[in-house]
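Trainee: I would like to request a close look at a single part of this structure. Please give one connected account of that part and of its surroundings.

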Amino acid sequence: DIAFTQSDVLEYYRTQLKVPNLQDRIGYILRLYNTEVHILAASDIRTMEDLRGRKVSFGPAGNSAALTGPVVFQRLGIPIEQMLLDHSMGLDRLRKGEISAVVRVVGKPVDYFSKIPANSGLHFLAIPGKKVFDDIYALAELMNADYPTLVAPGDTIDTISVPTVLAVFNWAPKSERYARVQRFVERMFERWDKLQVDPFHPKWREINLAAEVPGWKRSGVAQQGLPTLGLSAGNFQ
């Protein structure tokens with residue numbers, strides 16, 4: 001009935017798996033936190049264009065980058081040889097020069113990159129062409145404070161971030177499954193204030209309940225619940 005997923009999953013299924021009309025079958029309850037796209041490249045790769053025709057690992061099948069990576073490179077018009085290596089193997093093969101880059105979609109900072117020494121010869125790539133991503137992604141940056149060994153002081157690496165969404169199947173109104181979803185949403189909204197305090201993660205306090213997800217339709221159940229919180233779609237206060 002309900003799942004945590006990425007905002008670009010509908011685009012992936014539409015463009016990569018050719019599944020039609022998913023936006024009519026799946027809606028969303030909330031837009032949650034963002035996770036940043038990290039593209040770590042070998043020293044001879046200076047721009048995304050340099051990856052044309054090269055081997056790039058998106059991590060194991062089913063992980064976040066395996067969904068986002070194909071969408072990003074397709075929209076940039078840069079064909080690559082996609083690899084689905086586990087994260088440790090991907091980094092090892094990048095260090096050996098056997099592949100040209102690894103892609104991860106994860107909230108910054110993450111030890112996977114933080115532990116890479118400054119003399120590794122590896123570096124992050126900036127993602128250009130922001131306008132081609134406006135409909136599904138948000139702008140983001142990787143900074144020295146995030147990764148001191150990979151980003152020089154005062155520098156920033158432009159990238160994009162992927163919103164996480166609480167998605168829901170659009171069951172028919174008055175059906176039993178619809179009623180279950182409705183009860184879940186009602187209880188969640190009623191008790192939302194409990195998620196804003198310890199011991200729950202601080203990220204819960206950053207969530208804007210009224211924030212919209214480009215390319216998605218908000219579930220009618222969630223839409224009905226917003227006014228009980230003094231909110232409406234498009235109200236970002």
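Which residues does Leu51 touch, not counting residues up to four places away in sequence?

Mentor: This is a predicted model, in which local features need pLDDT of at least 70 and side-chain atom pairs count only at pLDDT 80 or more, while totals for chains, interfaces and linings use all residues. Residues are numbered from 1 along each chain as its sequence is written, and side-chain values use heavy atoms, with hydrogens and water left out.

With residues up to four places away in sequence not counted, Leu51 touches Ile39, Ile45, Val56, Phe73, Ile78, Pro79, Ile80, Ser100, Ala101 and Leu125; contact here means heavy atoms within 4.5 Å. Leu51 belongs to the largest nonpolar core, which has 33 residues, and together with Ile39 touches the most other members. Such a core is a set of buried Ala, Val, Leu, Ile, Met, Phe, Trp, Tyr and Cys residues joined through side-chain atoms within 4.5 Å. Buried means under 20% relative accessible area, exposed over 50% and partly exposed in between, with a 1.4 Å probe and protein chains only.

Helix H1 (9-15), strand E2 (26-41), helix H3 (64-76), strand E5 (101-106) and strand E8 (156-169) each supply at least two residues of this core. Helices (H or I, at least four residues) and strands (E, at least two) are DSSP runs, numbered from the N terminus. With five residues, H3 gives the most to the core. Apart from this core lies another, of 20 residues, including Leu91, Leu94, Phe124 and Leu142.

Strand E2 deserves attention next. Of its 16 residues, 13 are buried, so E2 is largely enclosed by the rest of the structure. E2 and E8 pair in the antiparallel sense over eight bridges, where pairing requires that DSSP finds at least two bridges between two strands. Within that pairing, Thr35 has Val162 of E8 as its bridge partner. E2 also pairs with E5 in the antiparallel sense, over six bridges, and there Ala41 is bridged to Ala101, a residue that Leu51 touches. A further antiparallel pairing, over two bridges, joins E2 to strand E6 (residues 123-124), with Leu40 opposite Phe124.

Nine aromatic pairs are found in the whole structure. Rings of Phe, Tyr and Trp (its six-membered ring) pair if their centres lie within 6.5 Å; planes under 30 degrees apart count as stacked, over 60 as edge-to-face and the rest as tilted. The ring centres of Tyr112 and Phe113 are 4.9 Å apart and the planes stand at 90 degrees, so this pair is edge-to-face. Both Tyr112 and Phe113 are buried. Arg104 lies over the face of Tyr112, at 4.6 Å from the ring centre; for this, CZ of Arg or NZ of Lys must be within 6 Å of the ring centre and within 35 degrees of the ring normal.

Helix H4 (residues 87-95) has Gly90, Leu91 and Leu94 as its buried residues. These cover an arc of only 95 degrees around the axis, which puts them on the same side of H4; the arc is that of the directions from the helix axis to the C-beta atoms. Their cover includes E2, strand E3 (55-57), E5 and helix H5 (111-114). Just after H4, Gly97 takes a positive phi of about 80 degrees.
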